[in-house]
Amino acid sequence: MTAPSAFSPPPPWALLAELTHACPLHCPYCSNPLDLARRSRELTTEEWEDVLRQAGELGVVHTHLSGGEPLLRPDLERIVAAAEDAGIYTQLVTSGTGLDEARLAALTAAGLRSVQLSVQHADPRAGDRIAGRAGSFAAKEHAARLVRRAGLPLGLNVVLHRGNLDAVDALLDLAVAWGADRVELANTQYYGWGLLNRAALMPTRDQLARARQTVERRREQLAGRTDLVWVVPDYFDGVAKPCMGGWGAVSLTVAPDGTVLPCPAAASIPGLDPPGVRDHPLAWIWRHSPAFNRFRGTDWMTGPCRGCPRREEDFGGCRCQAFALTGDAARTDPACALSPDHHLVREQTEADRAVAPPYVYRRPGAAPLPAPARAAVTEDA
Amino acid sequence: MTPEAASGWRPALAPALRLRHDPVRGKDLLVLPERVVVLEGSGGTVVGLCDGTRTVQGIVGELAERFPGAPVAATVPAFLDSLRREGWLT
């Protein structure tokens, strides 16, 4: 643990605002924690307005208004306006469900600058199956049309896995048809819900190789029209990703209850004791809180990371992944081929999975509970 | 002078972009979805004149008055063209 010191980190560029963990969709790779925050614990309108004012003063330039589904917050327009007042560029990160013309007009009037829409598959039925909600694909198609008509930049975000990697070509056709300026093809990150569903989501090496070829071919075709971003499948590449651009280096996440984290998954790390905006100013949290200083820089590194020439490039990979797979958040990310734990990742990519298990859909209470709590639930049932 | 700069083009910031001063970092920024471009030197001043009313020659003339002796005629049209190729000016 690092004591508050005279060292002051550079200011953060971006803030991910998880306005609520409630969501009409139930995607099995959701980036929200398994322990979803209750609506009664959510920050109030005034608290979010204050967070965004503080964020602007701290140097935040971008905010991603996300969830869960941020459109479920009836005060979203006021939160957008607060960001705009603080000089912060806003992007709505949405499933599209619940967006209509009047709502989008109100958000745009409040200062909304851009929209990122999640897409699960190019085929409506397959998309609805992954999202766990009938009609979700149609809602997205409608939302994309509204965003284009309003003249806002549109990005599509597709989490890639076994169930949609073979549809990358069709997904890019869909992006062009919907008028997207940007497509993010993000291979699944296996923490939280993604880790719980890892066996169902893990693709084959062949699937990935074909998708990569498609992306390279389409990237040339789409150059100058649609930006194509490929988020690497770190389990397969043998190279750790520079997670979040480094711990507490570029951005921060504010959870629905005001807990502030270096990344959306970091609440899973035991003993982190993440601070909250209800107890501390955002500037203190960023600069001085033990949680934000815990893995800053390179002094905390262990194993092959110490002295590795890549340590300032990948920052040791992902702390949440190191913890999830080894039980120790300070170990080298097992995704790195140099990690002594790399076999934990290889076993997963090489496992023979002719038939994938069914999804555990993201829902409050759907994740396995600690043993005593599970016993209690069984008795009640 | 490059073809675009000579053709009566009146540069304007693309709708998705925002030009702002960042008092925390002491820099002018171009902010886009998912991206921030830090404008060094007087880049922000040049982009600030791109409001769709001025021609490239008009922008050069105004900057030449404000910064006597600076090589604006030689550098500004190429700078504007580079922003246009990125899609940041229309």
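**Exercise 1.** Find how many residue pairs are in polar contact between chain B and chain A.

*Solution.* Start with the count: nine residue pairs, both partners at pLDDT 80 or more, are in polar contact between the two chains. A polar contact here is a pair of N or O atoms within 3.5 Å; within protein, one must be able to donate a hydrogen and the other to accept it, and residues adjacent in sequence count only if both atoms are side-chain atoms. Next, see where chain B's side comes from: strands E1 (18-22), E2 (27-32) and E3 (35-39) each supply at least two of its residues that touch chain A. Strands are DSSP runs (E, at least two residues), numbered from the N terminus.

A word on the model: it is predicted, with local features needing pLDDT of at least 70 and side-chain atom pairs pLDDT 80 or more, while totals for chains, interfaces and linings use all residues. Residues are numbered from 1 along each chain, chains are lettered from A, and side-chain values use heavy atoms, without hydrogens and water.

**Exercise 2.** Identify the salt bridge across the interface.

*Solution.* The rule (a side-chain nitrogen of Lys or Arg within 4 Å of a carboxyl oxygen of Asp or Glu) finds one. Its partners are Arg182(A) and Glu34(B), at 4.0 Å, N to O.

**Exercise 3.** Work out how much area the chains bury.

*Solution.* Buried area is the accessible area (1.4 Å probe) lost on putting two parts together, summed over both. Here that is about 1,400 Å², 58% of it on carbon and sulfur atoms. On chain B, Arg18(B), Arg25(B) and Glu34(B) lose the most, together 46% of what that side buries.

Notes: Helix = DSSP H or I, 4+ residues; strand = E, 2+ residues; numbered from the N terminus.
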